[in-house]
Protein chains: 2
Amino acid sequence: MSEIPYKIYLSENEIPSAWYNVRADMKNKPAPLLNPGTGEPLKAEDLYPFFCEELSNQEMNNTDAYIDIPGEVLDFYKMYRPSPLVRAYCLEKALDTPAHIYYKFEGNNTSGSHKLNSAIAQAYYAKKQGLKGVTTETGAGQWGTALSMATAYFGLDCQVYMVKVSYEQKPFRREVMRTYGATVTPSPSMTTNVGRKINEEFPGTDGSLGCAISEAVEAATSQEGYRYVLGSVLNQVLLHQSVIGLETKAALDKVGVKADMIIGCAGGGSNLGGLISPFVGEMLRGENQYEIIAVEPASCPSLTRGSFVYDFCDTGRVCPLAKMYTLGSNFMPAPNHAGGLRYHGMSTIISQLYDEGYVKATSVKQTDVFAAAEQFARVEGILPAPESSHAIKVAIDEALKCKETGEAKNIVFGLTGTGYFDLVAYQKYNDGVMDDYIPTDEDIAKSLSQCPKIG
Amino acid sequence: MSEIPYKIYLSENEIPSAWYNVRADMKNKPAPLLNPGTGEPLKAEDLYPFFCEELSNQEMNNTDAYIDIPGEVLDFYKMYRPSPLVRAYCLEKALDTPAHIYYKFEGNNTSGSHKLNSAIAQAYYAKKQGLKGVTTETGAGQWGTALSMATAYFGLDCQVYMVKVSYEQKPFRREVMRTYGATVTPSPSMTTNVGRKINEEFPGTDGSLGCAISEAVEAATSQEGYRYVLGSVLNQVLLHQSVIGLETKAALDKVGVKADMIIGCAGGGSNLGGLISPFVGEMLRGENQYEIIAVEPASCPSLTRGSFVYDFCDTGRVCPLAKMYTLGSNFMPAPNHAGGLRYHGMSTIISQLYDEGYVKATSVKQTDVFAAAEQFARVEGILPAPESSHAIKVAIDEALKCKETGEAKNIVFGLTGTGYFDLVAYQKYNDGVMDDYIPTDEDIAKSLSQCPKIG
């Protein structure tokens, strides 16, 4: 038995005291957000009506490499962090691979995912600004759950617009949010102008993430003392999620291991961006080399099949324009079961890094992902979220390549969460009735053709 | 801020290498199991047709204080142990109590509870004996999930008889078991004689735990290479669960804290017995004093309102007789939501300790339990299982007593699991439609009158 333990835990005082802002080390900064009306670059102040001021400032901060984590956020982090970096001894054995596999497990908290890392930060700044509450949207429900936990902790009101189909099909997620005191409204609802309009135009619609975003933004801007918060895509979110990567790096350093390859699933990019940030930082500063792989679903392949252009962040087209890899804001991802990876675009930071070759990308099919999830669950004892299982699939593939070549690569991947609320999907897989959805080139070209023509 | 961290983690090499067998230190041993046909005390060999040989021997072992944990079980433990002992700073603050509250959290594994501690041991001995597989019953599904994880790890077949009403109402638990390769059959089924008989007698019955036990036992004894395994009540299970108490004691010692009070929920007694064993051991040896409180639901109050007599362990009356606090094997607990606490009897070890005053007991009402669960979830960030929340309720009550008296007691309780699969219950609580069920004296007297007349 190697001397490296199964779980590499940092001590509580080794939780990072500052988030790392990878933009500070990027030579080519992510392109600025543009006002959707005028096409002009936005300033932090332009975001104040929507986001908390400190979060708006973080969103625009391309220069400070480190931003202190507030003490109250650190205290909350201590309830569920440091998260373990796990050496996947049992998976290695099952694969009979010379590779060493590690995963950073972010699922050991009631939100079941890494989302809590940013939720608590965003709730803190809202509280600090003296707000009454926040509004947000949620698809699968992970972000809404994380936010309701964070707002309960700080005594803030929390209004969640949940995509109607999820609201109905995932009543348990909804109940967790309610238990934490949040108000959960199925979207599109009749409580906002945009919701009423969508309901009128598309009677009986199941809703979509883009539509729920538009409702949550309207709810925030039409109530005194409320702001809108978002769980992915934004620079501020990647900043908060850097705690994942910083802990991963510290744990690897602790046992004297250098990662060769870092793998993460990519939807909006928050988990991937957080996981890779300190490693990419070293690459950007010319200190080290890593192979970084973003894994996306074949059904929603923004990096591998999208275009790097300015696009709307939401379907309702009320949010700013961002330059990102996108499939077009009208792209309707097929109903695959990784709800957290069904976003048409990608973080501007990840998009820029991908464009410059720091990050590679690949896409995987849903049934292959669930096969990997099941294999992992049986030997590593954790039932993974469908999103996280995209990373598992590629980590297993890479470990099997090592078996062929005989290389003992150090493969690190992000296990962002657990699949306890995704059993409908597992049931479909167990019953052999799960489909693979892959959009045609025509589908993608059509939705991309509706992107605004900028730059 | 105190120097005690939020989470007191032991290192991997501080996981106990031996289970502690509290019976060795008991002056008055638990009364022996009796053959239900002859009324004669059973020997280990008498159990071999039902249980693995080593487990049968452990069941009867009243003398060895320590039994080595096999290396392969220890390796598995390392995937999810040591579990954290958490200082509940946020709960203390919310209660404004001088008490120091600690909880041992056993929910950070996919089975969602402490059940895995014994499941992996039982699967190991089955594998070692060269068996093909094991059978068991499950009510709420925690034990079935834990066992399916353990058998998947050792490549054993796993046949789970799941109480029909749970099978239908908890499809997600069922899918987790299937994902781990288990066969899950709703009970009563048409696959066993006893199942067919019950279906004939009670057409359309929802099933019960006692009935599922009878089916699982028949399935084990009628198939070559199979044995029956059980997740609670048995001495062997309390032995394996001692890992909880040993780690708790070690963690407290590490930070120099002496517990004043130890609180655990009590259904069959496995978690409570495991948690308290090293502490009770000190009491039995006259080395230390602790106040130990077993918490049971008011709807199924075996310790507080049952009798200490010989009774059947199952409804079908095929299992041995055990001397225990019981409500009568025909007692039908009201449909409260703590499925793990709906057993008519109690571990013979706990029963004996309770009878001699080493353990106290109290019962709590369901709605009070969920109020405590919600309060805990909001400040400590963990959504607790309904079972575990019984302990939370009493820990909060005791902490509030300390507030009145000004005492800074060290209160330790067992947080056995998470409530991710209990959201139907939370929904009822959130909607204000949860009832409290309390059996009448007449109900209890009636079922107790059917106990066999022995001793």
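Predicted model: local features only at pLDDT ≥ 70, side-chain atom pairs only at ≥ 80, totals over all residues.

Residues are numbered from 1 along each chain as its sequence is written, chains are lettered from A and ligands numbered from 1 in the order in which they are written, and side-chain values use heavy atoms, with hydrogens and water left out.

**A single residue**

Select A:N21, which sits in the loop between β2 (18–20) and α1 (44–47) of chain A; helices (H or I, at least four residues) and strands (E, at least two) are DSSP runs, numbered from the N terminus. A:N21 counts as buried because its relative accessibility is 2%, where buried means under 20% relative accessible area, exposed over 50%, and partly exposed in between (1.4 Å probe, protein chains only). Leaving aside residues up to four places away in sequence, A:N21 touches A:N61, A:N62, A:T63, A:D64, A:A65 and A:L239, a contact being heavy atoms within 4.5 Å.

**The sheet**

Next, colour the 7 strands of chain A that form an open sheet of mixed pairing, in the order β1-β4-β5-β15-β10-β11-β14; two strands pair if DSSP finds at least two bridges between them. The edge strands, each pairing on one side only, are β1 (7–8) and β14 (360–364) of chain A. Within this sheet, select β5 (residues 100–105) and β15 (residues 410–415) of chain A, which run parallel and are joined by 6 bridges. The bridge partner of A:I101 in β15(A) is A:I411.

**Salt bridges**

Now select A:K249 and A:E282, whose side chains meet in a salt bridge (3.3 Å, N to O); the term means a side-chain nitrogen of Lys or Arg within 4 Å of a carboxyl oxygen of Asp or Glu. This pair links distant parts of the chain, with A:K249 in helix α11 (residues 235–254) and A:E282 in helix α12 of chain A, 33 residues apart. Both A:K249 and A:E282 are buried.

Finally, move to chain B and select B:D253 and B:K249, whose side chains form a salt bridge (3.1 Å, N to O). Because they are 4 residues apart in helix α11 (residues 235–254) of chain B, B:D253 and B:K249 are separated by about one helical turn. B:D253 is partly exposed, at 45% relative accessible area, whereas B:K249 counts as buried at 16%.
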